[in-house]
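Trainee: I would like to go through the labels attached to a model and ask what stands behind each of them.
Mentor: Then put the model up and ask.

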Amino acid sequence: MPGDGDAMSVLAPYYPWLKALHILSVIAWMAGMLYLPRLFVYHAGSEPGSATSETFKTMERRLYRGIMTPAMIATWIFGIGLTLTGVVVWTTFWLYAKLVLVAGMTWMHMIFGRWRGAFAADARPHGAGFYRAINEVPTLLLIGIVILAAVKPF
Ligand code: HEM
């Protein structure tokens with residue numbers, strides 16, 4: 001049983017629920033992390049001030065503020081909650097490696113926020129090809145994080 005007799009296991013009875021909520025939050029956050037850069041690709045090709053550009057601004061704002069940021073906060077809260085169930089063996093290394101990649105994902109989230117703000121101000125600091133390439137970064141981080149969390153290779 002996770003956390004039997006462990007001082008860190010105050011949340012042990014809630015382990016299955018915390019894991020379900022953690023995974024649901026991760027899915028919502030990742031949906032945005034994979035889709036927002038696609039919106040940037042199309043937005044970068046639109047005329048500033050055009051109706052299309054204004055529609056992209058609305059879509060980007062609602063996705064980022066309405067879904068991605070709350071989902072990121074929920075992922076962190078439920079992830080930290082999971083560490084308090086006693087499930088983590090602290091001498092294994094996977095969680096530390098995962099947290100490095102999660103920090104990278106969180107940093108990407110904040111950079112996306114800055115780019116969203118630039119688009120909202122009708123700036124076009126990068127071209128469509130740049131956002132298409134950047135789109136791969138959250139994908140690679142996601143693959144690494146899920147393998148570390150599920151396989152726990154070390
Ligand atoms: C924000 C900090 C995070 C912390 C502290 C954290 C911590 C944890 C912990 C302790 C578990 C339980 C592992 C187990 O049941 O053996 C877990 C499961 C999981 N986490 Fe996270 N996590 C975080 C973020 C993320 C992110 C960003 C993703 C994906 C992008 C993710 C994906 C998963 C998955 C898929 C599982 C289920 C693994 C399994 O069932 O074996 N986590 N997490």
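This is a predicted model: local features need pLDDT of at least 70, side-chain atom pairs count only at pLDDT 80 or more; totals for chains, interfaces and linings use all residues.

Mentor: Residues are numbered from 1 along each chain as its sequence is written, and side-chain values use heavy atoms, with hydrogens and water left out.

Trainee: What makes up the secondary structure of the protein?
Mentor: There are 5 helices and 0 strands, in the order α-α-α-α-α from the N terminus. The elements are DSSP runs numbered from the N terminus: a helix is H or I with at least four residues, a strand is E with at least two. The C-alpha atoms fill a box of roughly 60 × 25 × 15 Å along the principal axes.

Trainee: Why is threonine 75 called buried?
Mentor: Buried means under 20% relative accessible area, exposed means over 50%, and partly exposed is in between, with a 1.4 Å probe and protein chains only. Threonine 75 has 7%, so it is buried. This residue is in helix 2. Leaving aside neighbours within four places in sequence, threonine 75 is in contact (heavy atoms within 4.5 Å) with His22, Ser25, Val26 and Trp29.

Trainee: And why is serine 53 called buried?
Mentor: Its relative accessible area is 0%, so serine 53 is buried. Serine 53 also belongs to helix 2, and not counting residues up to four places away in sequence, it touches His43, Ser46, Glu47, Pro48, Asp122 and Arg124.

Trainee: Why is alanine 31 labelled partly exposed?
Mentor: The value for alanine 31 is 47%, so the label is partly exposed. Alanine 31 lies in helix 1.

Trainee: Why does lysine 57 count as buried?
Mentor: Lysine 57, in helix 2, has 14% relative accessibility, so it counts as buried.

Trainee: How do you know that the side chain of lysine 57 makes a polar contact with the side chain of aspartate 122?
Mentor: A polar contact is a pair of N or O atoms within 3.5 Å; within protein, one must be able to donate a hydrogen and the other to accept it, and residues adjacent in sequence count only if both atoms are side-chain atoms. The distance between the side chains of lysine 57 and aspartate 122 is 3.1 Å. A polar atom of the lysine 57 side chain is also 3.3 Å from the backbone oxygen of alanine 120.

Trainee: What makes a residue part of the shell around the ligand, and how many residues surround it?
Mentor: A residue is near a molecule if one of its heavy atoms lies within 4 Å of it. The ligand is surrounded by 23 residues, with Tyr15, Lys19, His22, Lys98 and Lys152 the closest. Helix 2 gives the most, with 6 residues.
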